[in-house]
Every structure is written in structure tokens, then in C-alpha cells.
Amino acid sequence: MSWLLIIVLTLIWGTSFILMKKGLVVYSSGELGALRMVIACMALLPFSLQHIRKVEPSRWKYLAGSGVLGNFLPAFLFAYAETRLASGLAGVLNSLTALFTLLVGAMFFRQSITWLRMLGILVGIAGTAILIFSGNGSADLDNKYYGLYIVIATICYGGSVNIIKHRLHDLKPYVISGLALLTVGPISLGYLLTTDFAHKLQHTPGAWEALMYIAILAVFSTAIALVLFNKLIHISTTLFASSTTYLIPIVALMWGVLDGETIELWHYLGMVIILAGVFIVNRAK
């Protein structure tokens, strides 16, 4: 079951980066992030309303923490990064999630960390630096810095994974997912109403098609994937759950290449080094 979930999540999340790119053709990064949260929240609303009164008040701070760190902030950070960064490279940088899951667990949840795992973290960070800052020339240096927004998003993911594993482990996956999204859905809706999303939907060519891509992103890559991922966290370890990052870059790069993105040799070098760091972290005892 664990490996089946890994494969399904890899395909879903590996496709999410190209979906974001398609949505950004019409909508701003803020509109995309807000739409993603609102639609995902609505998709799980029946489960949320059914269990909203069954959760102890003391749990809501953890649910809100998971909602903000695991959904709200990354939705906006990834969208903003992809306004200037290729979707395939965004998928590669997402692999840092496994490293930061370990690091956050060691810093805030008393998880053990060996020197070999620390080595894996350092290797992964080195690969990130190569991926973001290396290459020919410096004309697109500003674009490369956008990769740092994804690094921040993966740190948020690492925090959310640990909150779910150590503070919400006894709740059902769909309950965690639905209620976590419920804590950020209304905020996202409030922000969305301040944008010109409605005007674009009515008057901008291709707006409905872009909305379709965002809806697919929200329902599959956020709502459904979140339930599956929470299930994976429950039946495995946090490190195993975050090892989806091994295969996500491959799927993301394939979609990027099919969409005409140019991937240079140093991109592959950075990816290999990042994945080597993830491998060391996951295999180290």
C-alpha cells in the first residue's frame, strides 16, 4: 500500500507544476494560489463539516499549522516562483522536502539525526545551489533567485509533515486534510475577492481553460493528494513519505520538456546531486 501511494502521488504531484504553469497564462500567482486553496477546500467540505465538531479544541492549532505550512504558503510560493522559473526545475527543487522534513523533525520534534543524514542534507543544499545559481552568464540571475521561494516552500512542507506525524497521527487522513484546508480556505476566498479574478474570467480569452487547469490542480494535486499523503504518513515514516521527491522531478521534467522548456546540463547535475542527498538521508541509519 505504501509503495502504491508513492507511485500515485508521484504522478499527481509531478504533473502539478505544469498545471500551475498553464494557470499562470491568465491568472496572477496570487489568484492561482487563492483559487487552488478555495477549490480544494470546497472539494473536501463535506468531510470537513461532518467532523468539525468532533475534533478537540486543542487540536485546531495543529490543524491550522498544517493548513498554513502544508497548503496555504506553498500554494502561493510555488505559483510566484513559477512566474519566472521553468516548471521542470520547480519540480526538481521540490525534492528538498525530504531533507527539510528530517531537519525540522530534529530541531522541533526531537527526532534523531546522524552525521550521515546531516551529510545528505549538506549534499542536497549543495545541489540546490548548483541548480539555482550555476549556468552560463548572469543575464537571468534574477530568475534563478525565484528558486529560493520554492526552498522556503519545502521548509514549510517539512514542518507540516512533522506536525501531522507527531501531533495529528490519530486522526483519519481525510479529516486532517479537510479541516486543515478549512482553516485556510476562507482566508484565500477573502483575498481572491480583492483581485480582478471575476473580470478576467468574463473578459480574458482562455480564462476558462486556465481555470480548468487550476481546478484539476486543486482537486487532484491538493485535495485528493493531501488525503493520500496523510494516509501514507500514517502507515509509514515521515522520511519514507517524503521520498516521493525521488520521482516527482522526473515526471515534472518530462512535462516541462514536452511543453518546450529547455533543460541544460547543469540543471541535470544539480538534480542528481539533490537526489543523491535525499538518497543518503533516507538510507542512513
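Which residues form a nonpolar patch on the surface? Met1, Leu4, Val8 and Ile235 do, with about 370 Å² of accessible area together. The model is predicted: local features need pLDDT of at least 70, side-chain atom pairs count only at pLDDT 80 or more, and totals for chains, interfaces and linings use all residues. Residues are numbered from 1 along each chain as its sequence is written, and side-chain values use heavy atoms, leaving out hydrogens and water.

**Surface patch**
- Patch members have over 30% relative accessible area and no salt bridge, with nonpolar side chains joined within 5 Å and like charges within 9 Å.
- Val8 is found in helix α1 (residues 2–23).
- Val8 counts as partly exposed, at 30% relative accessibility (buried is under 20%, exposed over 50%, partly exposed in between; 1.4 Å probe, protein chains only).

**Helix α4**
- Helix α4 (residues 60–81) has 22 residues and reaches 30 Å from its first C-alpha to its last, close to the 32 Å expected at 1.5 Å a residue.
- A kink of about 40° in α4 is centred on Pro74, the bend being the angle between axes fitted to the seven residues ending there and the seven starting there.

**Aromatic pairs**
- The whole structure holds 10 aromatic pairs (centres within 6.5 Å; planes under 30 degrees apart are stacked, over 60 edge-to-face, the rest tilted).
- The Phe72 and Phe76 pair is tilted, because the ring centres are 5.0 Å apart and the planes are at 55°.
- Phe76 and Tyr191 form an edge-to-face pair, 6.0 Å centre to centre with 80° between the planes.
- Phe76 lies in helix α4 and Tyr191 in helix α10 (residues 173–192), so this pair ties together parts 115 residues apart in sequence.
- Phe72 is buried, with a relative accessible area of 19%, whereas Tyr191 is partly exposed at 37%.

Definitions and conventions
Accessible areas come from the Shrake-Rupley method with a 1.4 Å probe; for residues, only the protein chains shown count as cover. A salt bridge is a side-chain nitrogen of Lys or Arg within 4 Å of a carboxyl oxygen of Asp or Glu. Helices (H or I, at least four residues) and strands (E, at least two) are DSSP runs, numbered from the N terminus. The expected span of a helix is 1.5 Å times one less than its number of residues.
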